[in-house]
Amino acid sequence: MAGPCLWPDLTTKESLLPPESRMHPEMSEEGGTDLEKHRDLLAAENERLRQEMKAREGELRELRRQQGQCRGCTHLQENAVLQERLSQLQREAEEARAKLAELDVEVQQKTNRLAEVELRLKDSLAERAEEEERLSRRLRDSQETIASLKSQPQQIKYIIKTVEVESTKAKQALSESQSRNQYLQEQVGMQRQVLKEMEQQLQSSQKTAAQLRAQIAMYESELERAHGQMLEEMQAMEDEKNRAIEEAFSRAQVEMKAVHENLAGVRTNLLTLQPALRTLTHDYNSLKRQVRDFPLLLQETLRSARAEIGQAIEEVNNTNRELLRKYRRELQLRKKCHNELVRLKGNIRVFGRVRPITKEDGEGPEAANAVTFDANDDAVLHLLHKGKQVSFELDKVFPPQASQEEVFQEVQALVTSCIDGYNVCIFAYGQTGAGKTYTMEGTSANPGINQRALQLLFSEVRSKASDWDYAITVSVAEIYNEALRDLLGKEPQEKLEIKLCPDGSGQLYVPGLTEFRVQSVEDINKVFEFGHVKRVTECTNLNEHSSRSHALLIVTVHGLDRSTGLRTTGKLNLVDLAGSERVGRSGAEGSRLREAQYINKSLSALGDVIYALRSRQGHVPFRNSKLTYLLQDSLSGDSKTLMMVQVSPAEKNTSETLCSLKFAERVRSVELGPISRKAELASWPSQEQLEVTKGDVPGTAVSSSRGHASPSPGPPSGRATSIRRKLQTSGKLRPVPV
Ligand code: ADP
Ligand code: MG
């Protein structure tokens, strides 16, 4: 780094140096020589230091290399510290060197300037000397001239004068020169001062150089010490390395020994393993062979497995077929057993249902309850009539609290048998207001047998859908004053006729009776609604009208067993009968009387028919009323009939209740003869027999109809019906449309 310039600019003033400065040329020369010498010395010293530094660096490199060889030694840390120190020293030495170089440069500059100044001073002094010489010469000349002139008075006076004048001028010039000389001497003094300062600076530089040298020496000693330390460390490391090598060697020898021993063990093992290896190789080869043969083996096994599976499937199929056959046989057997059970219980059953006391019954003694039940027998009912208790026994009695659900549970077996191909009739009998319509139709919130029966049919049909195809059709009709009307037809007023099938099968059918195919409960509801609307539009007072007519819901179920081709047809007739009250007694006249007579006649005819059927009479007076004639094939044979006798428990209705219950009991009390196949076959009239009874007079009283009950000699009608049903199911005969 260059120091501040301490040298004044002498270029302009060099000619003004005083002559006195020439007095000390040797000093300047000496100074310059000293400086140069000193510089040379410094340069030499510098060079030496550089060499030494190089040598140290070489040593350092060597040390580093050795250290590199001794990686992982415990002295690495100390070594690192030493190296750090060394690098610190090197840095300091470097700095000192830089400073020295700066000083060198400075000294060089100063020496150069000094030489220049000396040179200029010399020149200037020479010039001054010359000038002084010239001036003193002129002065001398002038004084000589003045003296010579003084000796030549007149002429010379003038000259003197001139000379005096000139001398004055010379004096002036002299004084100017002297003043200038004075100034130059001052300048020289200043230069000397500057020189002195420079010398002082030089001395301080020398002092600094000496200090630096001392520092360098210190660093060198430090370096030496570090070097020594490093050498010691290296020696220690070397020792340690040797020790480690020895240890490793001895360890390696021990390990080698162990390895040798192991090797010996392995050799012996190898010897023993050889036979095992041979066995393994053998095994491997045989496995390889097996793997090669495996696909073939697999194919073979697969073939045999397939054959076995096929055989097993065949066996399972056979078993399945056998099971199916057995199942069907069992099913038939079950059906037969069920049928037999129902037959044993009686194909005709009579239930009683007592409705609760309602607001319509009014209040007071008239609305008092006259009906009680037997806690231990659900088939017995007691009626308090005119102070006397009359008891009745039916097949089942439903008390007022019996729900629609409970009632339906008792009749659902009948409904499902319709799917199996049986004909079923369910009648609701009783005086108006006793609950017939409630039991059959119910309310929308609490439906009666009609809707529940159809729902059950749909669910049964669905559950059998995997094997059977079913078609359910419904017809809604009414019989009013012995006229049959189609409530789903376009002309509800039109009277329909019941006719014999022209195919000679003896089946009855109603030409023109509308049948709707239904597939869901929604369809059924639509049909009911449709029929209801027709009925409402056709009569002025529906309540009155409905109580004086028989309402019929006829459901026909056609079934086809897809696997066997077996066909079945079952018919479910749900009949809400006209009110059984005895109108005639109250002195009704005209059309009301006529209605009452028709109702009475048809209900009596129904009673007669059921009675005749239940007592297995040979002749059953089906033709005594439109109702029984229409339901002939659903009442005869192995058809099933349920009479639900509805009664009001109110005191005011006891005489009608008594009549209804007597009717129920009369129908039911018929002794069933011993059930035998023969008796069964003999008890049902054939269609031919039915035709023979054509001449029966309509309106025959119950008692008179009983008179007709004589066994007919013809072919066994039950058997005939059974055969007919079977033929019908196999599709050989056309099913009855009603
Ligand atoms: P019917 O058809 O015999 O003339 P209804 O079925 O119209 O008689 O019944 C007459 C009244 O008695 C109706 O209001 C009906 O709701 C009610 N009723 C009938 N039976 C029951 C019963 N078991 N539970 C509740 N109410 C009934
Ligand atoms: Mg009714």
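A polar contact is a pair of N or O atoms within 3.5 Å; within protein, one atom must be able to donate a hydrogen and the other to accept it, and residues adjacent in sequence count only if both atoms are side-chain atoms. The model is predicted, with local features needing pLDDT of at least 70 and side-chain atom pairs counting only at pLDDT 80 or more, while totals for chains, interfaces and linings use all residues. Residues are numbered from 1 along each chain as its sequence is written, ligands are numbered from 1 in the order in which they are written, and side-chain values use heavy atoms, leaving out hydrogens and water.

**Exercise 1.** Find which polar atoms of Ala 434, Thr 437 and Tyr 438 lie by oxygen atoms of ligand 1.

*Solution.* Begin with Thr 437, where a polar side-chain atom is 2.6 Å from an oxygen atom of the ligand. For Tyr 438 it is a polar backbone atom, at 2.7 Å from a ligand oxygen, and for Ala 434 likewise a polar backbone atom, at 3.3 Å.

**Exercise 2.** Identify what surrounds Met 643.

*Solution.* Take contact as heavy atoms within 4.5 Å. Leaving aside neighbours within four places in sequence, Met 643 is in contact with residues including Arg 349, Phe 427, Leu 606 and Phe 663.
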